Amino acid sequence: MKRLTLADCFDPTGERFGIPTYPWRCAPDDLATRRQLRSRGLRPGGQDVAAQILRPRRRREPLTAYLYRVDLARPVRPMTPARWAALAKANAARRRCPECGRDAGYVIPPTLGTCVTCAYPEEQRAA
Ligand SMILES: [Zn+2]
């Protein structure tokens with residue numbers, strides 16, 4: 001591939017590259033990279049890549065960064081007290097032994113399916 005110049009990278013209709021393409025630092029303000037969204041407290045939110053920016057490099061493939069539409073971006077969901085509580089509840093359920101119903105204090109090993117005390121009653125008594 002012939003070395004790209006910055007001017008080659010200007011393809012807002014995507015005629016050349018298949019998707020709208022802008023030279024490095026020349027992307028429209030309504031498009032942002034994942035990192036730029038993140039710095040504004042946003043995430044792509046399931047949308048497809050809207051465009052790309054290309055940065056030509058000497059004797060190497062150009063650097064590519066994907067752009068997302070800012071108007072379709074969603075706020076990053078913060079951890080609220082309710083979400084922390086739900087997470088703690090899920091973890092507690094994974095520690096509860098279905099055999100004796102006690103909180104084992106550790107996540108029940110899927111290979112045992114019960115707490116260690118229930119899985120090996122003899123060994124526990126001997127110990
Ligand atoms: Zn048990």
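I count two strands as paired if DSSP finds at least two bridges between them. The model I am reading is predicted.

**Sheet.** I looked up β4 and β5 with that rule in hand. Strand β4 (residues 51-57) and strand β5 (residues 60-69) run antiparallel and are joined by six bridges. I noted Ile53 opposite Ala65 in β5. I then followed the whole sheet: it is open, has four strands in the order β1-β4-β5-β2, and its pairing is mixed. The edges are β1 (21-23) and β2 (31-33), each pairing on one side only. Neighbouring strands of this sheet are turned by 40 degrees against each other on average, direction ignored.

**Zinc site.** I listed the protein donors of the zinc ion: the SG atoms of Cys97, Cys100, Cys115 and Cys118, lying 2.2 to 2.3 Å from the ion. Their spacing in sequence is C-x2-C-x14-C-x2-C.

Cys97 is buried, with a relative accessible area of 1%, and Cys115 is buried at 4%. Cys118 is partly exposed at 25%.

**Disulfides.** I took two cysteine sulfur atoms within 2.5 Å as a disulfide. The count by this rule is zero. Cys26 is in no disulfide, and the nearest cysteine sulfur, that of Cys9, is 9.4 Å away. Cys26 is partly exposed, with a relative accessible area of 44%.

Terms used. Residues numbered from 1 in each chain as written. Predicted model: local features only at pLDDT ≥ 70, side-chain atom pairs only at ≥ 80, totals over all residues. Heavy atoms only, no water. Buried < 20%, exposed > 50% of the residue type's maximum accessible area, 1.4 Å probe, protein only. Helix = DSSP H or I, 4+ residues; strand = E, 2+ residues; numbered from the N terminus. Axes fitted to C-alpha atoms, helices over the stretch in contact; angles between N-to-C directions. Donors = N, O, S within 2.8 Å, 3.2 Å for Na, K, Ca; no water.
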